[in-house]
Amino acid sequence: MKIFCILLAATLAASAAPSDPGKAAVDFFEKVRHKKLNLEPGGDTALSPQTQGEKKRQIAKRLERMASDLGSDPLEIGPVKLDEDFAGVIIRKVGGFDPGRLQVFAVAMVKRGADWIAAPVPASFENSGAGYGQPLRDRLETLETWMLREQVKDLEELREQSKEQMRRKIEASLTASELRGADARHAAELFLTACAKSDLPSVLGLLGGLADKLPDDWPARLKAADRALGGGITDGPWRLLKAPEVARIIASHGGDKGRGDVSLLCLDPGMGDTTSPRIRSVNLDLTKSPDGLWRINLPAEFLREPDSHQDSSDNDEGGFDPDLTDSFAIDWSAAHPPTFYPDAAAARNAWLLAVRAKNPEALLAMSKLRGPSGYATRAALQVARAWRSVGDPSNAHQVLPLSFQADESSAVALIQFFSPRDPDRWDGRPVYFEKSAAGWYWSPEPTAAISDKFEPWLGTEARLWPDKWQHELLRDCPKITSFDNLQAPPEEAARKCVGKWLAAIAIGDVAGALQYTAFLGEENSGTTALKNLGYEIGESRR
C-alpha cells in the first residue's frame, strides 16, 4: 500500500499539477487539529456561500470532534482517487504502537483554479457547491462510496500491518538475541533503563513484544506502556519506573533458567501533589516465552486505567518503613561506591552542584547512608527533602550559600533556600559535612555531637543573615541609580537578553534569570525585584 502511495505521489508530481490533493488534505487536517480552520466561504474549505447558518454550526461541531480524534499523532497520505476536478483522499493517523490509536479519515477534495481545497463535510461533497446535474452527482456519489469503503479497508490493513511494524521498531532498539542471552537480573536492568529513558520500543520488547506469540494480555500491556511513557501518566506506579527524581536499586533477585523474580526499592521524594517522601517497593516477575525470550510481567496495578489506580501507598500515613529504608541504604551503598572529597569546601561545592543540577543520584553518592539503628531512615528522608526542595516543579527552590564553618573533622554550611512562591521569606538551613578516612562527604543526618558543636555559630549567623541574604542574591545584578546616562541596546542584543530571561523563567532557573535582571537603587527595590521574579516564575509554571 505504501509503495502505491509513493508511486501515486510521484505520478502527481510528474503531472506538473500546481497543487497536490493529498498534501492539501493533510494541510486541511492540520488546520482542523490546531483549530485554525477558516470555515467561512472563500476560506480554508470549499464551503458554498449558500450554506445556511445552522448547517455551518453543525459542520463546525463535527470538525471540532474530528480535532479531538486527530490528537497529536502524525498524519500520512493514503490512497487517492481522482476524477478530473474532484478527488477522494484517505488520511491515516499512524502514531504510537497501540492499534487502537490507529485511525483513518476520508476527505473530499475540490479543485478551484490551480489549487485543491477540502470539502467542508468529511467524506462528502455536501455543501461544496459542486453542482446538481445528474451525471456529476453520479460521479461524486461514486467517489463518496469509494471513500467510505476505502476508509474501512485501509484501517483493517493498517491494523494487520501494525504487529510487524511494531516488531521492526522494537528491533531497532532491542534485539531478540540480546533478550535470549540475558539473565533475569540483566533483563530487569534493561527494563529499568528503558523506562527511565521513556524508550517505548525497548519497554514493549521486554514486555513480550518480540515473542512469536504475544502474551495473552498483550493489548493491556501495550496500552499501559504506551500511555505511561507517552507522557500521559505523571503519578501512580509508573512514576517509580520512569520519574527522574526516583532513585532505584535492585534489592534482590532469584529464579532459574525459565523464571525469575526481581525486587526493586525506590527512594521516592514525591512531587507536587502526589505523595510524601517514602521508600517504595516493586516486585517484577519474569518468565521466558516458548522461543526463549525474557518477558517482564508487571504487577496488576501497572495495567489499570489511570482513573482506577488503587495505589494504597499514596494513602500511607508514614513515609519510611525502617526495614525497607535499611535495605535501600545497604543495597544502594553496595552498588554505588560513595564519592569523597579532599576538603570540606570541595564537599560543600559538590553538594551545591548536585542540588542545582537536580541530580538525586549525585546527592546519594556523596551521602552517609549507613549508621546506627534508625539512622538510614532519617538520612534517606533528608536526601529526599533536599531533592524535593529543588526538584519539585510546583515550587523549585534556588540554593544560595551564605556562610561556612569547618574544623578538622566536620563542617556546616548555612544555605538559603529561595522560593519563587515566597520570594522574601528567610529559609536558612544548615547542611553538614563529615570527614572519614577516605575523605569528606555530606552528612544528611549529623550526630548530636556535631550539631551541638556548631549550634552557637549557627545561632549567630541566623541572626545576621535574614536582613542580608537578598543583597547576596542580587549581588551581581546591576543597580540603576540614575537614568541620565542609560542608552538603549541594539535590537538584536535586546531580543537576545529578553529571550534568555524568558527561557530561565520558563524552567524556574532563578540564578539564570538574575543574570539578565537589573533593579532600582531605591529602598526595598531589591525585595520588589525578587517578588516580581517570583510572580513571573509562578505564573509561567501555572
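In the predicted model, the search for disulfides returns a count of 0. Cys195 takes part in no disulfide, as the cysteine sulfur nearest to it, that of Cys266, lies 11 Å away. Cys497 counts as partly exposed, because its relative accessibility is 32%.

Strand S5 (residues 247–255) and strand S6 (residues 259–268) are paired in the antiparallel sense over 8 bridges, and the two strands form a hairpin with 3 residues between them. Within this pairing, Arg248 stands opposite Cys266 in S6.

An open sheet of 4 strands is found with the order S1-S2-S3-S4 and antiparallel pairing. Its edges are formed by strand S1 (75–83) and strand S4 (115–118), each of which pairs on one side only. On average, neighbouring strands of this sheet are turned by 30° against each other, direction ignored. Strand S2 (residues 86–93) and strand S3 (residues 103–112) are joined by 8 bridges in the antiparallel sense, and Ala87 stands opposite Met109 in S3. Helix H4 (residues 134–171) lies across S1, S2 and S3, and runs at about 15° to S2.

A second open sheet is described by the strand order S9-S10-S11-S12, with 4 strands and antiparallel pairing. Strand S9 (398–406) and S12 are the edge strands, each pairing on one side only. The twist from one strand to the next averages 30°. S9 pairs with strand S10 (residues 410–418) in the antiparallel sense over 8 bridges, and the bridge partner of Pro401 in S10 is Ile415. Helix H11 lies across S9, S10, strand S11 (428–436) and S12, and its direction is at about 170° to S9. Helix H14 (residues 448–464) lies across S9, S10 and S11, running at about 45° to S10.

Phe328 and Trp332 are 4 residues apart in helix H10 (residues 322–335), so about one helical turn separates them. In an α-helix there are 3.6 residues a turn, so residues three or four places apart point the same way. Phe328 and Trp332 are both buried.

Trp351 and Trp442 form an edge-to-face pair, with 6.0 Å from centre to centre and 70° between the planes. This pair links distant parts of the chain, since Trp351 lies in helix H11 (residues 344–356) and Trp442 in strand S12 (residues 439–442), 91 residues apart. Trp351 counts as buried because its relative accessibility is 2%, and Trp442 counts as buried because its value is 5%. Elsewhere, ring pairs link Phe28, Phe29 and Phe105 into a cluster.

Two contacts between a charge and a ring are also described. The charged end of Arg348 sits over the ring of Phe404, at 4.8 Å from the ring centre. The charged end of Lys468 is placed over the ring of Trp465, at 4.5 Å from the ring centre.

In helix H7 (residues 200–209), 10 of the 10 residues are buried, so the helix is largely enclosed by the rest of the structure. The buried residues of H7 include Leu200, Pro201, Ser202 and Val203, and among them are also Gly205, Gly208 and Gly209. Ala362 lies in helix H12 (residues 360–365). Ala362 counts as partly exposed because its relative accessibility is 26%. Ala362 and Thr339 are 23 residues apart in sequence, and their C-alpha atoms are 8.7 Å apart in space.

Key:
Residues are numbered from 1 along each chain as its sequence is written. This is a predicted model: local features need pLDDT of at least 70, side-chain atom pairs count only at pLDDT 80 or more; totals for chains, interfaces and linings use all residues. Side-chain values use heavy atoms; hydrogens and water are left out. A disulfide is a pair of cysteine sulfur atoms within 2.5 Å. Buried means under 20% relative accessible area, exposed over 50%, partly exposed in between (1.4 Å probe, protein chains only). Two strands pair if DSSP finds at least two bridges between them. Axes are lines fitted to C-alpha atoms, for helices over the stretch in contact, and angles run from 0 to 180 degrees between N-to-C directions. Contact means heavy atoms within 4.5 Å. Rings of Phe, Tyr and Trp (its six-membered ring) pair if their centres lie within 6.5 Å; planes under 30 degrees apart count as stacked, over 60 as edge-to-face and the rest as tilted. A charge sits over a ring if NZ of Lys or CZ of Arg is within 6 Å of the ring centre and within 35 degrees of the ring normal.
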